[in-house]
Amino acid sequence: MKPQAFSLTRRSFLAGAVAAGAALVVPLRLPAWAGQGEAAGLSQAFIRIDTNGQVTFVLPTSEMGQGTHTGQAQILAEELGADWSSIVVEMPKQPAPDYRVPFVGQMRSVGSFGIRVWHDPLRHAAAQAREMLTQAAAERLGVAPGTLHAEDGFIVHAGSGRRIPFGELVEDAMALPVPEEPTLRPDDERTLTGRSIPRLDTLAKVTGRAVYAMDVEREGMLYGAARLAPVFSAEVESFDESSVTGMPGVVAVVRVPRGAVVVAESWWQARRAADALDITFTRTPADDLSTDEIEGLLREALDRPDVPVSTLRGEAEATLSTEGRVVEAEYSVPLLAHACMEPINCLAESTAERTELWLGTQGHDVVRMTLENALQLPAEQLFINTTYLGGGFGRKTHGEIAVQAVLASRAVEGRPVKVLWSRENDIQQGQYRQTMRCRFRAVLDDAGAITGMRIRVAGPQMGREYGIDPEQRAQATGNLANFDPFSLGGLSDMYYDIPNFVVEHAVVDLPIPLCPWRSIAHSFNGFFFESFMDECAAAAERDPLEFRRSHCEGQARMLAVLDRVSEMSRWNEPAAEGIARGLAVVESYGSFVAQVVEARANGEGIQVERVHAAIDCGRAINPDQVEAQIQGSVIDALGAALRQKVTLRDGQAEQSNFHDYPLLRIGEAPSVAVGIVEIGSPLGGVGEPGVPPLAPALANALFAATQRRIRHLPFSDHA
């Protein structure tokens with residue numbers, strides 16, 4: 001990523017400094033949003049250095065277990081030359097323009113953006129602060145700035161050994177002009193990034209002091225339990241408040257979008273009353289919707305004439321040729337819930353003048369906009385205390401829980417109300433990873449190389465729910481019309497060398513609320529494409545690794561991770577007795593990940609014993625975090641591949657809790673070995689790219705063992 005152009009002004013710097021008191025405050029400003037923060041009177045600090053030497057980083061991305069706060073702090077502390085032990089990380093209370101992801105236009109923690117998007121802007125801001133402190137020290141010591149350097153929270157004059165702590169220089173530095181183009185540290189002086197150091201949040205989490213939204217308590221707090229429509233598009237027709245008002249602890253019953261919230265003195269009282277509430281929901285066209293009907297719609301869509309082309313390379317006609325070996329297959333994936341360990345919840349104190357939330361959210365601006373639209377709540381009256389998230393995976397980008405909590409608080413004259421969804425609410429009334437179906441046709445030449453491939457996908461166009469215009473997106477990416485990255489990511493942008501390549505999307509609108517699930521479209525397209533590549537390799541009677549390598553001309557990153565995972569798994573040697581191996585490689589979020597799954601059949605099914613994973617994410621800011629993210633991704637992806645699905649009957653989700661929507665158990669977790677490849681690539685994400693290769697690698701391992709293909713997830717649906 002190229003350095004951003006900055007428009008930091010003297011006036012904006014002073015405004016930030018005054019807002020923070022006696023502290024050096026260095027804001028970051030991006031041109032597209034310059035001025036908006038000032039107009040709203042919002043703090044824009046990214047780095048604040050107090051006179052006592054305390055260094056505070058105000059960071060724009062939520063910490064949900066991915067370690068992004070530690071990685072971002074490493075970047076900043078290294079460039080600034082700060083004492084690592086002095087670092088404090090905070091999050092802003094309002095989604096100001098300066099905190100927004102530039103090409104998304106919102107303050108969001110999604111897309112594995114935390115490091116790769118903010119890396120360069122954070123370095124730039126830290127370098128500005130360092131140069132101001134250095135200049136202040138130079139004037140005090142009467143030496144040239146070039147003779148000084150910053151380390152461990154001091155400006156140091158190497159020639160004399162004199163050292164001045166940052167805090168003593170703050171007031172002098174505040175009076176200096178802000179350098180527009182500071183000099184960044186040379187790479188050979190970067191020693192904090194690239195190191196595995198303990199995470200900033202580890203101690204708080206292992207001692208139980210870490211605060212999640214579920215933990216927050218306020219004086220006089222009440223609890224709210226939701227009773228939501230079982231069919232997604234239904235609304236409340238009526239409810240009889242008197243049916244629960246006599247129950248212990250019940251304070252109020254509040255109508256909210258898609259249901260009602262019962263407010264009580266304790267959550268258990270609220271939950272019991274919500275279950276007992278006499279409530280009727282409207283009938284909808286989706287009342288009879290079932291999984292069988294949806295699958296029928298997807299199959300029909302694959303057979304439609306004139307499905308628009310989203311991606312075309314080479315000649316489309318070549319993909320229809322029968323001159324050569326033709327390989328065809330069809331795959332599908334089910335709806336998936338996110339099943340965060342911490343269910344959806346929000347604490348609100350809301351009056352007509354001010355609304356304060358305590359919320360673990362990935363979507364600050366989405367929450368703001370949702371409240372603006374639903375309740376006409378002005379942005380300047382909204383304050384969000386962002387807590388840790390007990391899992392997000394995309395689900396916590398939405399704001400419906402904030403609306404429910406605000407309505408509940410206003411119904412009791414502004415008292416704090418914490419609204420909690422039960423696990424059943426979370427599984428049955430959530431927003432899901434879409435179900436998709438995909439049909440492949442490939443033509444192989446006499447040498448076993450793919451000369452043409454046609455892919456037709458059937459399913460929703462989820463990007464429209466996020467304001468993406470498929471035609472505009474197509475123009476921006478060089479694809480054809482009807483291109484939705486939330487549906488086609490991982491197919492349209494695949495990296496294999498296939499001369500004639502066509503992707504079509506038969507859009508199927510479904511009355512089901514959708515939401516990005518960890519790695520979004522790559523989570524299912526990775527399964528589709530890498531399973532089919534294995535089918536092509538088998539049809540060509542070639543080794544799966546050699547077959548993939550032969551279609552990777554010019555793809556150094558893909559070859560590098562394939563080579564690394566081959567070494568790690570000893571692919572070219574016979575597998576251990578009883579072990580079957582499968583391979584897959586997927587690019588997503590700017591990183592390449594190759595995985596080899598080693599699985600063994602047991603009396604009850606298959607046991608995944610080991611996963612080898614190689615990742616090229618550019619520079620590993622904290623290698624231990626990269627390893628942890630890949631390991632977590634494998635666990636998530638394996639649980640989903642083996643058993644998870646949401647099915648519908650009479651318009652309602654049939655699964656409700658972990659007994660019928662099972663996560664992977666500890667005893668089922670494989671050993672996961674991670675190899676990090678660094679060949680000078682651009683920065684990529686790490687939170688999501690470990691998910692897509694797992695399911696196809698497992699399916700390919702099963703085929704290696706049994707010659708049987710699993711083309712429809714989850715595996716538990718197949719005896």
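Which residues in helix 4 meet which residues in helix 5? On the helix 4 side they are M132, L133, A136, A137 and R140, and on the helix 5 side F166, E168, L169, D172 and A173. Contact here means heavy atoms within 4.5 Å. Helices (H or I, at least four residues) and strands (E, at least two) are DSSP runs, numbered from the N terminus.

A word on the source. This is a predicted model, where local features need pLDDT of at least 70, side-chain atom pairs count only at pLDDT 80 or more, and totals for chains, interfaces and linings use all residues. Residues are numbered from 1 along each chain as its sequence is written, and side-chain values use heavy atoms, with hydrogens and water left out.

A salt bridge is a side-chain nitrogen of Lys or Arg within 4 Å of a carboxyl oxygen of Asp or Glu. E168 is in helix 5 and R140 in helix 4, 28 residues apart. E168 is partly exposed at 48% relative accessible area, and R140 is partly exposed at 42%. Buried means under 20%, exposed over 50%, and partly exposed in between (1.4 Å probe, protein chains only).

E79 lies in helix 3, residues 68-80, so the bridge ties together parts that are 51 residues apart in sequence.

The whole structure has 42 salt bridges.

Next, D50, in strand 2, residues 45-50. D50 is buried, at 17% relative accessible area. Leaving aside neighbours within four places in sequence, D50 is in contact with A22, A23, T56, G167 and V170.

Last, helix 7, residues 267-276, where W267, A270, A273 and A274 are buried. These residues cover an arc of only 130° around the axis, which puts them on the same side of helix 7; the arc is that of the directions from the helix axis to the C-beta atoms. Their cover includes strand 8, strand 10, strand 11 and strand 18.
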